[in-house]
Amino acid sequence: MTALSTHDTAPAPTVPEEPGGRFNAAWLKAMALRYSMFLVLLLVIGYFSYRSARFGTVDNLQTILIAAAPFALIALGQTLVILTGGIDLSVGSVIAASGMTAAWTAKNYPGNLFLPIVAAVLVGLVAGSVNGFLVSRLNVPPFIATLGMLTAGSGVAYVIGGGAPISGLSADFGKIANASLLGLKIPVIVMIVGIVALAVIMRRTAYGLRVYAVGGNRVASELAGVNARNVLFSVYAFSGMLAGLSGVMLASRVISGAPDLGRGYELDAIAAVVIGGASLMGGRGTVFGTVLGLLLIQTLNNGLDILTVPAYWQNVIKGVLIVAAVAVDTWSARRRVT
């Protein structure tokens, strides 16, 4: 593995030496290009803070973080999948099936908070493993395999509830997502731990190197001794497991199960990863970039809601800003390597 190299960070910008020291116009330009997505996020935050005094409050920051937590989990899983050159379209339906499973378990086995969590995570793990098996062992294109799981998962969610939502759950079920520890909601703590853990794994472990290697050049990685099949299987299984955890959190937040829970979440997760600079061709991207993309999307959602912008205009604005953000990042990446 020592011969393999990661693609998680772009080469450091070459700043020409000029009279006046390091902090000159060329240095500022290079830094602006390198951190362009972060600057876009700051501009969005600045705009909403200017338009509404409520936006910049601590309570609203907590609201953004709580809303971001379930998205963060599936975006982290999506990051691994996209780094290998694949895509996972099934996470939204896996969330629905897992949330319904957690709600069904909580209703039939009240008083046990651990059981719904385990059941939901297992459902997500099984769905992700099926995706991983189809992609890594049967060479089914990721788009087709996960599209099939998207349809099947949605159907399973309705089967679990007999075609209807599951309600009437004990208030204890809501403690999974609504309890606090050290002033932070449990989903926010899980999100922070997940981000830190995955960032360390991707930058400091051989497994992280293998994921980048398979996405960068699968044939070359296999010649270097990497078991690409096992790596591909693991990233889809991991993505499904995180979708399962996200499902139980969402169901717990509203203390009920809905068969359409998580609908469309896969698109926001993919958008967060791509906005963060990951390549859909694989081999390039970072956990930090995904977090930036996630924060940008959640900030837009929150800010537009506060300004009471109609939902149809929110979709238009978000679509334009997402494309613009990716265009800026792509342009700056090209400038950095030239």
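Predicted model: local features only at pLDDT ≥ 70, side-chain atom pairs only at ≥ 80, totals over all residues.
First, the overall picture. The protein has 14 helices and two strands. Of its 338 residues, 45% are buried. If we take the contacts with a separation of 6 or more, 76% of them are between residues 24 or more positions apart. The accessible surface comes to about 16,200 Å², and carbon and sulfur atoms hold 67% of it.

The largest nonpolar core has 70 residues. Which of them touch the most other members? They are I74, I95, F173, M191, M202, V287 and L296. Take V287 from that list. Beyond its neighbours within four places in sequence, V287 is in contact with L76, I195, L198, A199 and M202. Another core lies apart from this one; it has six residues, including I82, I270, V273 and A278.

Q78 sits in helix α3, which runs over residues 58-83. Is Q78 buried or exposed? Its relative accessible area is 0%, so it is buried. Setting aside neighbours within four places in sequence, Q78 is in contact with I87, D88, V91, S239, E266, A269, I270 and V273.

As for T79, the C-alpha atoms of V235 and T79 are 9.1 Å apart, while 156 residues separate the two in sequence.

Helix α4 covers residues 91-108, which is 18 residues. At 1.5 Å a residue it should span 26 Å, and the C-alpha atoms at its ends are 25 Å apart, so the two agree. This helix is mostly covered, with 15 of its 18 residues buried.

Next, the surface. There is a nonpolar patch made of Y312, W313, V316, I317, V320 and L321. Together these residues have about 580 Å² of accessible area. Y312 is in helix α14, residues 311-337. Why does Y312 count as exposed? Its relative accessibility is 58%, and the cut-off for exposed is over 50%.

On to charged pairs. How many salt bridges are there? The count comes to two. In one, the side chains of K175 and D172 meet at 3.3 Å, N to O. K175 is partly exposed, at 46% relative accessibility, and D172 is partly exposed too, at 33%.

The other salt bridge brings us back to R218. Its side chain meets that of E222, at 3.3 Å, N to O. Both residues are in helix α10, residues 218-223, and because they are four residues apart, about one helical turn separates them.

Last, two backbone points to look at on the screen. Which values of phi stand out here? L182 has a phi near 60°, which is positive in a residue other than glycine. L182 is in the loop between β1, residues 180-181, and β2, residues 184-185. With a relative accessible area of 83%, L182 is exposed.

I255 is the other case, with a phi near 50°, again positive in a residue other than glycine. It lies in the loop between α11 and α12, the latter being residues 265-275.

Key: Residues numbered from 1 in each chain as written. Heavy atoms only, no water. Buried < 20%, exposed > 50% of the residue type's maximum accessible area, 1.4 Å probe, protein only. Contact = heavy atoms within 4.5 Å. Areas by Shrake-Rupley, 256 points an atom, 1.4 Å probe, with all protein chains shown as cover. Core = buried A, V, L, I, M, F, W, Y, C linked by side-chain atoms within 4.5 Å. Patch = residues over 30% accessible without salt bridge, like charges linked within 9 Å, V, L, I, M, F, W, Y side chains within 5 Å. Salt bridge = Lys/Arg side-chain N within 4 Å of Asp/Glu carboxyl O. Expected span 1.5 Å × (residues − 1).
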